[in-house]
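Here is a short note to read beside the model. Keep the viewer open and check each point as you go.

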Amino acid sequence: MSPIDVPLDSAGSKPSNPEARVEFPDNRLLMDVCGEFDSNLTTIETSLEVQIVRRGNSIVVMGDDVARDRAIEILNALYQRRINGRVVEAADVDRELRMGGPDEDASKRNLVKGDQLEMPVGARFEIKTRKKLVEPRTDAQKTYVQSLFENELAFGIGPAGTGKTYLAVAVGVSMFLSGKVDKIILSRPAVEAGERLGFLPGALEEKVDPYMQPLYDALNDFLPGKQLAKLREEKIIEIAPLAFMRGRTLSSAYVVLDEAQNATTMQMKMFLTRLGKGSRMVITGDRTQIDLPRGVPSGLADAERLLNKIPKVSFNYFTSKDVVRHPLVAAIIEAYEADEPHNHST
């Protein structure tokens, strides 16, 4: 059964403080939708500037017409998610607020298992990995993920916290599990942000491991530890500094270059020309966090300039509005962006 939207104003005229009541058949599912101590309702209230009151299996929403209807739409979508056997977490509430439309039911939701996308207009889709299903949380993330499946070479460019690397690795794991590629190769430039590699303890592998940690973290989210260890031991999944890519041809592989803003022009050209038959390549970077020596141009900027009109190459851009980390991260990024003219003038 679906929730019922029951307007409280029966006079036929628009009230000064419009209210609507939504009745949910299953109070247990409704409690999951509301979250612990009604935390999910509080998030919706704050974001949409409405007032929400829960009374048994009913929820009363008060606010202007647009905000009230939007809140009801989100509550219905979250309740439908619980009907379909899915959990409702804070990230799901955030996604509904950002994406601007109700969730699809199980028959309409497109589950991404490979590179064939037949997406109805407005449909949601999920990236299937061994440990979890990953869902884009903003429209830009949705477009980005779609481009990763549809293009042989895709760029994801934007600030920290927008999911560029996380989603790229999730798609790589999904394509590997579905047999679309035979291996996954993840790489980063080993460029220091104020520290020197030589000052770090240990052999070369131990020195570069800290630079690769975000890639390890993403893989650990998608694959069980024992399986990941076995795949790494068999070199089916590789994590290596950019310099280790020279001289290789990467066939039937899903290849990610992370932090590409720290690749030089020659390194970027070297990496892009590793692309072999049956492979996919993803380049992610943040143009505001270049750690190259002064006067050394970023290969990411050159790639944007040179490749933006080549077919089957997509460029996907994120802004602070796509940050899915702590809300303060978006505010911090916006503050630094606003201060850029001051930095250029000093």
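1. Angles under 35 degrees count as roughly parallel, over 145 as roughly antiparallel, 65 to 115 as roughly perpendicular, and the rest as oblique. Helix 9 covers residues 265–272 and helix 10 covers residues 299–307; they pack at about 60 degrees, with axes 8 Å apart. Axes are lines fitted to C-alpha atoms, for helices over the stretch in contact, and angles run from 0 to 180 degrees between N-to-C directions. Helices (H or I, at least four residues) and strands (E, at least two) are DSSP runs, numbered from the N terminus.

2. A caution on the source: this is a predicted model, where local features need pLDDT of at least 70, side-chain atom pairs count only at pLDDT 80 or more, and totals for chains, interfaces and linings use all residues. Residues are numbered from 1 along each chain as its sequence is written, and side-chain values use heavy atoms, with hydrogens and water left out.

3. Thr 265, Met 268 and Leu 272 of helix 9 meet Gly 299, Leu 300, Asp 302, Ala 303 and Leu 307 of helix 10. Contact means heavy atoms within 4.5 Å. By class, these residues are five nonpolar, two polar and one charged. Ala, Val, Leu, Ile, Met, Phe, Trp, Tyr, Cys and Pro count as nonpolar, Asp, Glu, Lys and Arg as charged, and the others, Gly among them, as polar.

4. Now take helix 5 (residues 139–150) and helix 6. Their axes come within 10 Å and cross at roughly 40 degrees. That makes helix 5 oblique to helix 6. The crossing of helix 5 and helix 6 is right-handed. In helix 5, Gln 141, Tyr 144, Val 145, Leu 148 and Phe 149 take part; helix 6 answers with Lys 164, Leu 167, Ala 168, Val 171, Ser 174 and Met 175. Eight of the contact residues are nonpolar, two polar and one charged.

5. Helix 1 (residues 27–34) and helix 2 (residues 39–48) have axes that come within 5 Å and cross at roughly 55 degrees. So helix 1 is oblique to helix 2. Asp 32, Val 33 and Cys 34 of helix 1 touch Ser 39, Asn 40 and Leu 41 of helix 2. This contact has three nonpolar, two polar and one charged residues.

Conventions
A crossing is left-handed if the near helix is turned anticlockwise from the far one by less than a right angle, and right-handed if clockwise.
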